[in-house]
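Please look over the structure shown below, and then read the briefing that follows, which begins with a single residue and ends with the whole chain.

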Amino acid sequence: MDEDEFLRILLSEERKAWQNPSDILLRFGLTRGQRFLDVASGPGFFAVEASKMVGERGYIYCVDTNAKAADICVQNLSRVGYRNFEVIAQPIEVAPLPTEHFDVALVANVLHDFGDPVFVLRRVYESLRSNGVLGVVDWKKMETPFGPPLSVRLNEEESIRIIEGSGFRVVEVINSYPYHYLIRAEKR
Ligand SMILES: C[S@@+](CC[C@H](N)C(=O)[O-])C[C@H]1O[C@@H](n2cnc3c(N)ncnc32)[C@H](O)[C@@H]1O
């Protein structure tokens, strides 16, 4: 699959049937006025909904290593109509991150991709305020009609070990979606 096709799929309306961004962000407790960090945001499937939810007094900060995805994310966020966002086209391992700043951080469909996921989540931990929420969404380690190969997926227990190994307290595991699990964790 080429890059354009991949970015198109990431933004497709059909995706909402099996991964609903506003429902997922609500489950992670995102509310009006909050500061939201989208780690590896892609073209903004979650960030756009997050922007609508936090409103003009909130703040959206997206990081993605892919410059094209980051550009599309800027366009999509601009269309929401608020100007309170920033999109950084850099790897999350080196991107500038403010300290003790965000209320909610999202790591969606990407934890399994990081070379050193504990390093990444420790950076995210530092960037969250006390009791801030980390929401992880990732592919169940089972056959699904699409998605990454089984060999690269992390099962729930592996993800929980990474999350706890980064300092977080796991609060809830949600299994209501067909292909993904959701893990809500908090900064201690
Ligand atoms: C499967 S997409 C998921 C995008 C988005 N989170 C979503 O669910 O729609 C994975 C994204 O992670 C980005 N990515 C992978 N490794 C990254 C890294 N180390 N730092 C920042 N972005 C990364 C890729 O460029 C891609 O846009």
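T99 counts as exposed because it has 9 C-beta neighbours inside 10 Å, where exposed means 12 or fewer other C-beta atoms within 10 Å of a residue's own, buried means 20 or more, partly exposed lies in between, and C-beta atoms are placed from the backbone. This is a predicted model, in which local features need pLDDT of at least 70, side-chain atom pairs count only at pLDDT 80 or more, and totals for chains, interfaces and linings use all residues. Residues are numbered from 1 along each chain as its sequence is written.

**Surroundings of T99**
- T99 lies in the loop between β3 (85-88) and β4 (102-108), strands being DSSP runs of E with at least two residues and helices runs of H or I with at least four, numbered from the N terminus.
- Leaving aside neighbours within four places in sequence, T99 is in contact with E126 and S127, contact meaning C-beta atoms within 7 Å.
- From C-alpha to C-alpha, T99 and E126 are 5.6 Å apart in space, although 27 residues separate them in sequence.

**The whole chain**
- Seven helices and seven strands make up the secondary structure of the chain, and along the sequence they follow the pattern α-α-α-β-α-β-α-β-β-α-β-α-β-β.
- Of the 188 residues in the chain, 40% are buried.
- Among contacts between residues at least 6 apart in sequence, 68% join residues at least 24 apart.
- Taken along the principal axes, the C-alpha atoms fill a box of roughly 40 × 40 × 30 Å.

Conventions
Two residues are in contact if their C-beta atoms, placed from the backbone, lie within 7 Å.
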